[in-house]
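Here's a model to talk through, question by question. Have a look at it first.

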Amino acid sequence: MISCKEAEEICNKAQYNEATFWEKLKLWFHIFMCKICAQFTKENSKLTTLCQKADLKSLTEGEKAKMKHDLQDRL
Amino acid sequence: MKGEKIMSEHALHPETWVDLYADYLFNYALPRVSDTEIAKDLVQDTFFAALKSAENYKGDAAERTWLIAILKRKVIDHYRKVNSKKGKAEIRINYGSNDESEGSWLEERVADPYSKQEINALENEELRMAIQDCISKLPKKQALVFTMKTIRGMDTETICNELDINPSNLWVMIHRARTALMECLNKNWFKL
């Protein structure tokens, strides 16, 4: 059986659809045995749902750098 | 001197504004103007205006609250400008142009103030600002990685190249960020 650390990593990858089928299978098997990771997976998935629902946007690093630069000019 | 005031006791730290508040302000402005460029300009204008009126900052409100108050006025000013250009608001209703809705009445098209959609919009607004608030409390690098991955949806390889880290570093940072966010949201807002 995989360790909790591995399970967490697969769970995190799964939030971004980057876990393979086998990884997910190993995760489910682990969760079946481990209450702590089961709870973690539940909350982690909820966080993903909330982030999607919130539809957050962000400025790019380039845009922020420009903002900083313009602001610095006026300091 | 202006500089002294800025550095004084209830100090403002303009050099940290962009890192700490730009995304927060941007997420506040964007749904209100529905245009990325305009929202970005409003955030920039807010920083400039804040700098100009730094002497009026009494330190009784948190820096961010003070910036949001300025941004609110900027949003209002924006709509004033837009409306004075247009003269009047335009209302278009394509009544009868759509076969499916033929025979429906105007009343049915008027928004119900208590409609589910609006309540959802309000909830989402709160949620959006709550998450953004928790993100801004993360260590800078974690916040950056989380934002690139989750909000901008960039792929792992691109982020690793851009930040010069390896994938296992990335997943460790994502893990720390997500754990901290869950805790922050749990504590301050909802039960996850």
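This is a predicted model: local features need pLDDT of at least 70, side-chain atom pairs count only at pLDDT 80 or more; totals for chains, interfaces and linings use all residues.

Q: What pattern does chain B follow when read along the sequence?
A: The secondary structure of chain B comes to 8 helices and 0 strands. Of its 192 residues, 40% are buried. Reading along the sequence, you get α-α-α-α-α-α-α-α.

Q: How much area do chain A and chain B bury between them?
A: The contact draws on 33 residues from chain A and 42 residues from chain B. On chain A's part, Y16(A), L56(A) and L71(A) supply 19% of the area buried against chain B, more than any other three residues. Carbon and sulfur atoms carry 66% of the area buried between the two chains, which comes to about 3,800 Å².

Q: Which helix gives the most to the side of chain A that touches chain B?
A: Between the two chains, 17 residue pairs are in polar contact. On the chain A side, α1 (4-15), α3 (35-54) and α4 (61-74) each supply at least two residues. The residues on that side divide into 11 nonpolar, 6 polar and 16 charged. With 10 residues, the helix that gives the most is α3(A).

Q: Which residue of chain B forms a salt bridge with E61(A)?
A: The rule finds 5 salt bridges across the interface of chain A and chain B. Side chains of opposite charge can pair when their charged atoms come close. For E61(A), the closest N and O atoms of the pair are 3.3 Å apart, and the partner is R152(B).

Q: Why does the pair of E61(A) and R152(B) join two chains?
A: The two side chains meet in a salt bridge. E61(A) is partly exposed at 31% relative accessibility, and R152(B) is partly exposed too, at 24%. The pair joins two chains because E61(A) lies in helix α4 of chain A, while R152(B) sits in the loop between α6 (140-151) and α7 (156-163) of chain B.

Q: Which residues are linked with E63(A) in a network of salt bridges?
A: Start with a salt bridge inside chain B, where the side chains of E37(B) and K40(B) meet at 3.6 Å, N to O. Both lie in helix α3 (residues 36-52), 3 residues apart, about one turn of the helix. E37(B) is partly exposed at 44% relative accessible area, whereas K40(B) is buried at 18%. The network links E63(A) with E37(B) and K40(B).

Q: How many residues apart are D133(B) and R64(B)?
A: Their side chains meet in a salt bridge of 2.4 Å, N to O. The pair links distant parts of the chain, with D133(B) in helix α5 (residues 116-136) and R64(B) in helix α4 (residues 63-86), and the separation is 69 residues.

Q: Is D23(B) buried or exposed?
A: D23(B) is in helix α2 (residues 14-33) of chain B. Leaving aside neighbours within four places in sequence, D23(B) is in contact with K57(A), S58(A), L59(A), K64(A), Q132(B) and T147(B). Its relative accessible area is 9%, and the cut-off is under 20%, so D23(B) counts as buried.

Definitions and conventions: Residues are numbered from 1 along each chain as its sequence is written. Chains are lettered from A and ligands numbered from 1 in the order in which they are written. Side-chain values use heavy atoms; hydrogens and water are left out. Contact means heavy atoms within 4.5 Å. Buried area is the accessible area (1.4 Å probe) that two parts lose on being put together, summed over both. A salt bridge is a side-chain nitrogen of Lys or Arg within 4 Å of a carboxyl oxygen of Asp or Glu. A polar contact is a pair of N or O atoms within 3.5 Å; within protein, one must be able to donate a hydrogen and the other to accept it, and residues adjacent in sequence count only if both atoms are side-chain atoms. Helices (H or I, at least four residues) and strands (E, at least two) are DSSP runs, numbered from the N terminus. Ala, Val, Leu, Ile, Met, Phe, Trp, Tyr, Cys and Pro count as nonpolar, Asp, Glu, Lys and Arg as charged, and the others, Gly among them, as polar. Buried means under 20% relative accessible area, exposed over 50%, partly exposed in between (1.4 Å probe, protein chains only).
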